[in-house]
Amino acid sequence: MGIGILAGVVAGALAVLIGVFKLMWRVAEPNEALIISGSNHKNEGLGAGMGFRIVTGRGTLVLPGVQAVRKLSLDLNETQLSVECVTHQGIPLKVRGVVIFKVGDDFVSIANAARRFLDQQKLMSERVHIVFAGHLRAIVGGLTVEDMIRDREKLTGQARSACGTEMEKLGLIVDSLQIHEIEDPTGYIKNLAAPHAAAVQRDARIAQAEANRRATEAEQQAAARMSEATRDSEILQAGYQAERDQASARARQAGPLADAASRQEVVVQETRVAELEGLRKEQQLQAEVRKPADAMAYETRTLAEAERDARISAAEAEAKETELASAAKATATRLTGEAEAAAQHAKGLAIAEATRAKGLAEAEAIKARAAALAENQEAVVAQQLAEKWPEIVSAGASAFGNVDQMVLLNGADGMADVFAKALTMGGTGLGLARQLLATMSPAAQEKLGGAALSVPPARTEESVEIPVVDGR
């Protein structure tokens with residue numbers, strides 16, 4: 001029984017200890033900080049003797065009745081900004097935005113925020129709005145509307161920089177500052193945008209007109225393609241209709257064409273029978289008439305060709321014989337001609353040589369006569385006359401050759417006179433020759449001497465005077 005009491009006492013003591021421990025143990029949530037006051041505590045980064053202790057993210061023992069424990073929220077807070085400002089140009093604007101802030105995570109920020117907002121955490125947003133409103137008015141007063149419109153980041157940056165020191169004193173940090181809207185009650189921004197809006201509107205109208213033009217062109221092209229498709233469809237339909245009509249016409253013509261084909265087949269068969277009959281008759285004619293005739297013609301033609309070949313062979317042999325005889329005769333003639341030509345050539349050479357020798361001899365004789373004539377003309381003339389005396393006498397006698405009757409007077413004396421005169425003519429010729437030679441130059445005598453002397457004296461029939469008495 002004593003053991004049971006002892007166990008109950010021990011269990012009660014443990015229960016009391018656990019209850020006391022629960023009363024004394026405090027744990028800080030991740031989004032809050034425990035502010036424990038009632039004793040001096042030293043915190044990291046803070047001076048000694050603050051009179052409170054800061055606990056974040058862990059548990060700690062608190063003496064009930066001796067220490068007080070309160071919580072400071074570390075959650076995000078926001079405040080809506082709606083600040084009426086005047087720009088550097090004197091244009092009133094209304095700036096609307098939002099500020100997102102919280103208590104800093106370091107012990108200094110927590111301590112600063114605990115001193116200012118531990119019992120007034122709901123008024124934290126209002127205080128922040130007041131701080132940012134004042135700084136925004138100051139910043140906007142140094143800017144133009146154009147700067148605010150074109151560079152809002154500059155406005156937010158300057159606002160955060162200007163509020164940074166004050167927010168740090170409050171133990172707060174700004175996570176985000178956004179300018180949502182800039183209201184322009186005077187219409188300055190609208191007028192400022194009017195030229196650009198007009199240009200944009202103009203470009204929009206131009207773009208719309210271009211779009212309308214393209215749409216119209218597309219519609220026209222679509223209509224043209226539709227018309228083309230309609231035309232092609234109608235053409236195809238017409239073609240199909242023509243084919244149907246043609247098929248119908250062929251169907252209507254099928255019966256007459258079949259009859260005509262049947263008649264044509266009959267005509268073809270009859271024609272073929274006629275052709276076969278004609279072919280049979282032709283073959284019969286070939287066998288009975290043409291082949292015997294061809295055989296007889298072949299025999300006749302063969303005999304004629306054999307006879308012709310024989311005649312041709314005989315003619316060729318005769319022509320060959322004639323050709324050989326002609327060749328032999330031509331060879332003999334050629335040899336004879338060559339021999340005669342050689343003989344004629346030799347004879348000509350002999351005649352030429354004799355002529356040349358005769359000419360040389362005559363030239364020598366003429367030269368000798370010329371020399372003798374130069375030395376003694378009378379002796380040469382006398383010699384020439386002596387050599388030609390028979391001819392001279394003959395010439396003198398020829399004067400009586402044409403006399404039929406001649407009457408001589410004085411008998412024998414008359415005849416003597418006649419002959420004396422005839423001879424005297426010869427002497428007269430000698431005298432004339434002498435006179436001619438005397439008048440010629442030596443060169444002319446040398447050239448003509450032999451010829452003059454060698455020419456027989458002319459007949460003296462006309463120079464002889466014969467007394468004739470008619471009738472006596």
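Predicted model: local features only at pLDDT ≥ 70, side-chain atom pairs only at ≥ 80, totals over all residues.
Strand β2 covers residues 32-37, and E32 is found in it. Is E32 buried or exposed? With a relative accessibility of 11%, E32 counts as buried, because the limit for that class is under 20% relative accessible area. The side chain of E32 reaches the backbone nitrogen of E29 at a distance of 2.9 Å. When neighbours within four places in sequence are left aside, the residues in contact with E32 are V27, T56, K71, L72 and L74.

A further open sheet of three strands has the order β6-β7-β8, again with antiparallel pairing. Strands β6 (77-86) and β8 (172-183) stand at its edges with a single partner strand each, and therefore one side of each is left without a neighbour in the sheet. The twist in this sheet averages 25° from one strand to the next. In general, the strands of a sheet pair through backbone hydrogen bonds, in either a parallel or an antiparallel manner. Here β6 and β7, the latter comprising residues 92-103, pair in the antiparallel sense over ten bridges, and S82 stands opposite R96 in β7. Helix α3, residues 124-141, lies across β6, β7 and β8 and runs at about 30° to β6.

At 34% relative accessibility, P92 counts as partly exposed. Apart from residues up to four places away in sequence, P92 touches C85, V86, D184, P185 and T186. The C-alpha atoms of P92 and V145 are separated by 9.6 Å, although the two residues are 53 residues apart along the chain.

The other residue is I179, which lies in strand β8. I179 has a relative accessibility of 9% and so counts as buried. Beyond its neighbours within four places in sequence, I179 is in contact with V95, R96 and G97, and also with R152, L155 and T156. A separation of 8.8 Å is found between the C-alpha atoms of I179 and E153, which are 26 residues apart along the chain.

Nonpolar side chains in soluble globular proteins tend to be buried together. Which members of the largest nonpolar core touch the most other members? Of its 42 residues, these are F132 and L172. The largest share of this core, eight residues, comes from α3, the helix that lies across β6, β7 and β8. Leaving aside neighbours within four places in sequence, L172 is in contact with F101, K102, V103, G104, F117, M124, V128 and M167.

The chain has a mean pLDDT of 76, with 74% of its residues reaching 70 or more. Among its elements, β7 has the highest mean pLDDT, at 90, whereas the lowest, 46, belongs to helix α9, residues 442-454. Over residues 426-430 the pLDDT is below 50, and this stretch has three contacts in the model beyond near neighbours in sequence. The pLDDT also stays under 50 over residues 447-472, for which the model has 30 contacts beyond four places in sequence.

Technical notes. Residues numbered from 1 in each chain as written. Heavy atoms only, no water. Pairing = 2+ DSSP bridges. Helix = DSSP H or I, 4+ residues; strand = E, 2+ residues; numbered from the N terminus. Axes fitted to C-alpha atoms, helices over the stretch in contact; angles between N-to-C directions. Contact = heavy atoms within 4.5 Å. Buried < 20%, exposed > 50% of the residue type's maximum accessible area, 1.4 Å probe, protein only. Polar contact = N/O pair within 3.5 Å; in protein donor to acceptor, adjacent residues only side chain to side chain. Core = buried A, V, L, I, M, F, W, Y, C linked by side-chain atoms within 4.5 Å. pLDDT = per-residue confidence, 0-100.
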